[in-house]
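This report covers a strand hairpin, a helix and the surroundings of a ligand. Please have the sequence and the structure in view.

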Amino acid sequence: MKKVVILKIGEYDFDLLKEKIKTATSKHFSPATLFKEGDKVLLKPNLLLPAKPEEAIITHPIFIEAIGAIFKEIGCSVAIADSPGGFVGNKDMENIYENSQIKEIAYRQNFELLYPNQSIVADGFPLCWWVNGFKMVNLPKLKTHDIMTLTLATKNLYGCISGLHKSHLHKVHTKTDDFTNIILKLYKMIKPSLHIVDGILSLEGNGPAKRGSPRKLGAVIIADDALYCDWAISKMLGLKDDFNPLIKQAKKEGLLEEEAEIISEFQGEAIKDFKFPEAFILNRLPSPAISVFKGLFNFRLAINKAKCSGCAKCVQVCPAHAIKIHASKVTIDYKKCIMCMCCSEMCELGAVDLCESFFIKAIKALSKCRQ
Ligand code: SF4
Ligand code: SF4
C-alpha cells in the first residue's frame, strides 16, 4: 500500500528537521531497509534559479542539508543534482549552487555537487546522466505553477530532463494536457526511493518563480510514490481533483486506483485560503468552452520595463524564438508565443508579467466559489 506522511514542522532548524524526518522515515518507510551503508544517494531538489531561501522558489538549503545528513549517518555517500530550466552550461549550475547556499551546505556536510553536463536517452527522453547509478531522493518545493496549478513531487521529475531539451518539449507539447502526459511518462520511468516535500515555506499565487509569494504552511510531506504524494497535498490545499491537471489525467489513466495510507499531523485540516495562480481559472473551465471562446480567455505576457535589466536570459530559454532584445528593450512576438511560461520562470527579476483579458477579470470578479 502506498504511504504518505504529513508532518508539522514550522521552521528550518537543522536539528529539528533531521530528528523529525529521521524518526518519521524510520517508523513508516524504514530507510535502513531502503538504504544501506555504501549506497550512493542522490538528492534531487528543485533548484529552478539562483534564489534566496526566503523567496521560497528553491528547496530550502537547510532542508536539503538535514536530509542529506540522515543518509550520511547511515554510511551513504550523498550527491546533489538538478537540471534547471534555462541551463546552457556548467557555469549556470555553478551560479545556482553558489548563489542559493547549496555550495555552502555541500562543503559543510561533504556532499558532492553534480553537473548536468552529459545526457543519456531513455524511452526517447534526453535525461541527465545522474538519473542512473544512484538511489534518488526527490526533494521538491511545494509551489504553485502557472500551467500545472501546482508543482510537487511528480513535476519535480521534469528537472531530470537534460538542459534545454526541457524548453524543446514545451514547444512540442503546448497544451496543458500534452504537457501533463510528458510528466506522467517521466513518473512511470523515474522511480525515486523516497519523496520528501519542503512545504515549510511554500510558494502561492503566480508560481513557480519570482511572481509567486512565499506562504508559511509548516508542512513536510514524505511519501514512497510521487503521484500519491501530490494527491495528498492537493487535497490538503483544498484543490478539487478535476482542477488539478496532473491528478485528473492520472485518475483517467487508472494510476491512482491503489489504496493509500495517509498519516497526517494536520488531522485532516484542509488549508482553506491557499492562493492558486491567476491562470488557474482555465483549469476550472470545461475545455470545449476554452476552445470555442479561445480569444476571450487569452492571457498575455508583458515585460515590466521597470524591472527588466535586459539580461537576455528569456531570449535564450524561449523555445518558440518569440522574444527579441534590441538596445536592452525586450519585445515578444505574440504570434509565435506558445505560452509555455519558460521566460517567466527563468527571469530572475520577475520582469515577465501575466496580463489577463478583460473577460477573465470579469469572470473572476463574478466567481463566488474558489474551486
Ligand atoms: S525579462 Fe527578465 S530575463 Fe528577460 S531580459 Fe528582462 S530581466 Fe532578463
Ligand atoms: S515568450 Fe515566453 S511564454 Fe512565449 S513561447 Fe517564449 S518563453 Fe514561452
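## Strands

β10 and β11 form a hairpin with 6 residues between them. Helices (H or I, at least four residues) and strands (E, at least two) are DSSP runs, numbered from the N terminus. The model is predicted: local features need pLDDT of at least 70, side-chain atom pairs count only at pLDDT 80 or more, and totals for chains, interfaces and linings use all residues. Residues are numbered from 1 along each chain as its sequence is written, while chains are lettered from A and ligands numbered from 1 in the order in which they are written.

Strand β10 (residues 194–205) pairs with β11 in the antiparallel sense over 10 bridges; two strands pair if DSSP finds at least two bridges between them. Strand β1 (residues 2–8) also pairs with β11 (residues 212–223) in the antiparallel sense, over 5 bridges. A223 in β11 stands opposite H195 and also opposite V4.

## Helix α1

Helix α1 covers residues 14–28. Its 15 residues should span 21 Å at 1.5 Å a residue, the expected span being 1.5 Å times one less than the number of residues. The end C-alpha atoms are 21 Å apart, which agrees.

The buried residues of α1 are L17, I21 and T25 (20 or more other C-beta atoms within 10 Å of the residue's own, C-beta atoms being placed from the backbone; exposed means 12 or fewer, partly exposed in between). Seen down the axis of α1, these buried residues fall within an arc of 40°, so they line one face of the helix; the arc is that of the directions from the helix axis to the C-beta atoms. D15, T23 and K27, on the other side of α1, are exposed.

## Ligand 1

Around ligand 1 there are 13 residues, of which C308, C311, K313, C314 and C347 come nearest. A residue is near a molecule if its C-beta atom, placed from the backbone, lies within 6 Å of it.
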